[in-house]
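Please open the structure in your viewer and keep the selection tool at hand. The tour goes from stop to stop, saying what to select and what is there.

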Amino acid sequence: MKRVVLACLAAMLIAFGVTWKAQAQASESIWLTANTTAYKTGETVRVTLNAASATPIQGFTFQIRYDPACLKPVNASSPIPGMNGLPLPQLTGLVDGSYASTVPQSANGILAEIKFTALKGCQTGLTLESAALAIRSPEGFAAPLSSVLVGERNVALSIDSEAVAAQPAQPESGSVLSLEPPPAVDRGIPQWLIFAGVFAVLLGLLFVFSIKLIRMGVSKKPKPKRAVGTRKPIVQIKHGPQAGKSFVLNKFPVLIGRDPQNDICVHGPNVIGKHAQIYAERNGYFLMDLGGETFINGRQIKGSAVVLYPGDVVRLGKTASFMFG
């Protein structure tokens, strides 16, 4: 009798474990994997971005950090029918990929295969900085699927210094997205000489401008070149958890940052609570940095305000960005 009771309890525990495991695998999740982690110099490194989702998706995004001294990005390819790659400007050391489809697609398995070229012998790795699954909102905009769990983020790689012969090009399948990094800057001119020249030019311009102000007897602030029209401006999130979402700016100033009390709440590496604000003044719109890492069209602003024009791209921190329009 005792053996029968123990057997029943064991059967119940096994059934409970199987049920719990099935439920855990049923939740939406994204993770990074690699079939091989040992390579030689010159070989193609392949990793896969995987997903499990009960909800059909219409796109996905990912950012993978790598060591540019050891690896060079090549491209990504998605085997999902109807998924099209959206070319994005690439930053050295960070792969930025985005795919979209006009109709919902099933996402259970490989989302994309990402390829790198091994440059030299080293111990390195890849880190999945961020990833998201996208659906279409009732308003018709792309919106991130909520409650998506990012699983395995890191892949460790061992690259042997022994070089291999050039590998023949393999036919690509699926939708191919180029991930080539920006070309290296020609460093023929010493940087100190460039900085010295720029400093001298700025000093001369400051001197001329000061003379003009003294003669005019009044200091005027720069005026925007474009007047505010009747159409209300919008902010469209390009990267981050709310990628694809748009905000109509009905009142000013507009506070932007990680704090949920802000008018626009964004998240990302190095985004602070009150990161920046947009305000209207003198028939124009301005962006003010409030102490975070703020960039407009790739140029950093620190504790100052600049004029905003339609089409300007603003980046907060390392990855979160939006377009003003």
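This is a predicted model: local features need pLDDT of at least 70, side-chain atom pairs count only at pLDDT 80 or more; totals for chains, interfaces and linings use all residues.

Two strands count as paired if DSSP finds at least two bridges between them.

**First stop: two strands side by side**

Select strand 20 (residues 294–296) together with strand 23 (residues 313–316), which run antiparallel and are joined by 3 bridges. Which residue is the bridge partner of Thr294 in strand 23? Selecting Leu316 shows that partner.

**Second stop: the sheet around them**

Now widen the selection to the open sheet, whose 6 strands follow the order 15-14-24-23-20-21 with antiparallel pairing. Its edges are formed by strand 15 (246–248) and strand 21 (299–301), each of which pairs on one side only. If you look along the sheet, neighbouring strands are turned by 25° against each other on average, with direction ignored.

Select Arg315 and Phe295 and turn the view until the ring can be seen from the side, where Arg315 lies over the face of Phe295, at 4.1 Å from the ring centre.

The structure holds 6 aromatic pairs, and two of them are visited here. Select Phe60 and Tyr99, whose ring centres are 5.0 Å apart and whose planes meet at 15°; because planes under 30 degrees apart count as stacked, this pair is stacked. Phe60 belongs to strand 4 (residues 57–65) and Tyr99 to strand 7 (residues 94–105), so the pair ties together parts that are 39 residues apart in sequence. Are these two residues buried or exposed? Phe60 is buried, with a relative accessible area of 1%, and Tyr99 is buried as well, with a relative accessible area of 2%.

Finally, select Tyr66 and Phe116, whose ring centres lie 5.7 Å apart with their planes at 55°, so the pair is tilted. This pair links distant parts of the chain, 50 residues apart, with Tyr66 in the loop between strand 4 and strand 5 (71–78) and Phe116 in strand 8 (residues 108–118). Tyr66 is buried, with a relative accessible area of 6%, while Phe116 is buried with a relative accessible area of 0%.

Notes:
Residues are numbered from 1 along each chain as its sequence is written. Side-chain values use heavy atoms; hydrogens and water are left out. Rings of Phe, Tyr and Trp (its six-membered ring) pair if their centres lie within 6.5 Å; planes under 30 degrees apart count as stacked, over 60 as edge-to-face and the rest as tilted. Helices (H or I, at least four residues) and strands (E, at least two) are DSSP runs, numbered from the N terminus. Buried means under 20% relative accessible area, exposed over 50%, partly exposed in between (1.4 Å probe, protein chains only). A charge sits over a ring if NZ of Lys or CZ of Arg is within 6 Å of the ring centre and within 35 degrees of the ring normal. Axes are lines fitted to C-alpha atoms, for helices over the stretch in contact, and angles run from 0 to 180 degrees between N-to-C directions.
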